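This briefing is meant to be read with the structure open alongside it. The points below are grouped by topic.

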Amino acid sequence: ALKKDVIVIQAAGNQHLNIDTIAYFPTGIDRNGAFYKNFLRVGASDQYGHCSAMSNYGNEHVHLFAPGEKITSVTPGNGYATEDGTSVAAPVVSGIAALLRSYFPKLKAWQVCAILKHSCRSRFDSKTNTTFGIVDALEAVKQAKIID
């Protein structure tokens, strides 16, 4: 994926584990122990901007968070469902990444990942004792405009 300039976005998981201290696969880590530049792991935030009670977390191994509770989406057969979890948070980040790649086609995958991480709204969660960022589409576009 890195060689083909593709962004890989992974849901962090829903066991409410600190995956900085517990191995969680796939890792997105290369042979040298560094994350691939085109890889993002996404946790879920609640409606108040805190780490969701079900989301895995970690200062190093979860790159950013996105809304992941009470997310309504379409289902097969023209229906709707409201779901919780990192599997509904990750598509939020995927959509913003697609927006950036669409409007700023010169940006490389690693640049979009860097923009998404650096444009987050920083939060401290006292329950997990971690600092994390919540994705911010407007700020990401502002940063992409500067780089592009």
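Gln-111 counts as buried in this predicted model, because its relative accessible area of 18% falls under the 20% cut-off used for that class. The residue is found in helix α2, and once residues up to four places away in sequence are set aside, Gln-111 touches Lys-106 and Ile-147.

**Buried residues of helix α2**

- Besides Gln-111, the buried residues of α2 include Ala-109, Val-112, Cys-113, Ile-115 and Leu-116.

**Packing of α1 against α2**

- Helix α1, which spans residues 86–103, packs against helix α2, residues 109–118, at an angle of about 125°, and their axes lie 10 Å apart.
- The two helices, α1 and α2, are therefore classed as oblique to each other, and their crossing is right-handed.
- On the α1 side the contact is made by Val-93, Ile-96, Ala-97, Leu-100 and Arg-101, which meet Ala-109, Val-112, Ile-115 and Leu-116 of α2.

**Val-92 in helix α1**

- Val-92 is found in helix α1 and is partly exposed, with a relative accessible area of 28%.
- Leaving aside neighbours within four places in sequence, Val-92 is in contact with Ala-66, Pro-67 and Val-135.
- His-63 lies 29 residues away from Val-92 along the chain, and the C-alpha atoms of the two residues are separated by 14 Å.

**Cysteines**

- How many disulfides does the structure hold? The structure holds zero disulfides, and Cys-51 is accordingly in none, with the nearest cysteine sulfur, that of Cys-120, 14 Å away.
- For Cys-113 the closest cysteine sulfur is also in Cys-120, at 11 Å, which is too far for a bond, because a pair of cysteine sulfur atoms has to lie within 2.5 Å to be taken as a disulfide.
- Cys-51 counts as buried at 6% relative accessibility, and Cys-113 counts as buried at 0%.

**Backbone features in the loops**

- A cis peptide bond, with omega of about -5°, joins Phe-25 and Pro-26, and Pro-26 is found in the loop between β1 (8–11) and β2.
- Lys-70 is a residue other than glycine that has a positive phi, near 55°, and this residue lies in the loop between β3 and β4 (71–75).
- Is Lys-70 buried or exposed? Lys-70 is exposed, because its relative accessible area of 58% is over the 50% cut-off for that class.
- Asn-78, although not a glycine, has a positive phi of about 60°, and Asn-78 lies in the loop between β4 and β5 (79–83).
- With a relative accessible area of 75%, Asn-78 is exposed.

Technical notes. Residues are numbered from 1 along each chain as its sequence is written. This is a predicted model: local features need pLDDT of at least 70, side-chain atom pairs count only at pLDDT 80 or more; totals for chains, interfaces and linings use all residues. Side-chain values use heavy atoms; hydrogens and water are left out. Buried means under 20% relative accessible area, exposed over 50%, partly exposed in between (1.4 Å probe, protein chains only). Axes are lines fitted to C-alpha atoms, for helices over the stretch in contact, and angles run from 0 to 180 degrees between N-to-C directions. Helices (H or I, at least four residues) and strands (E, at least two) are DSSP runs, numbered from the N terminus. Angles under 35 degrees count as roughly parallel, over 145 as roughly antiparallel, 65 to 115 as roughly perpendicular and the rest as oblique. A crossing is left-handed if the near helix is turned anticlockwise from the far one by less than a right angle, and right-handed if clockwise. Contact means heavy atoms within 4.5 Å.
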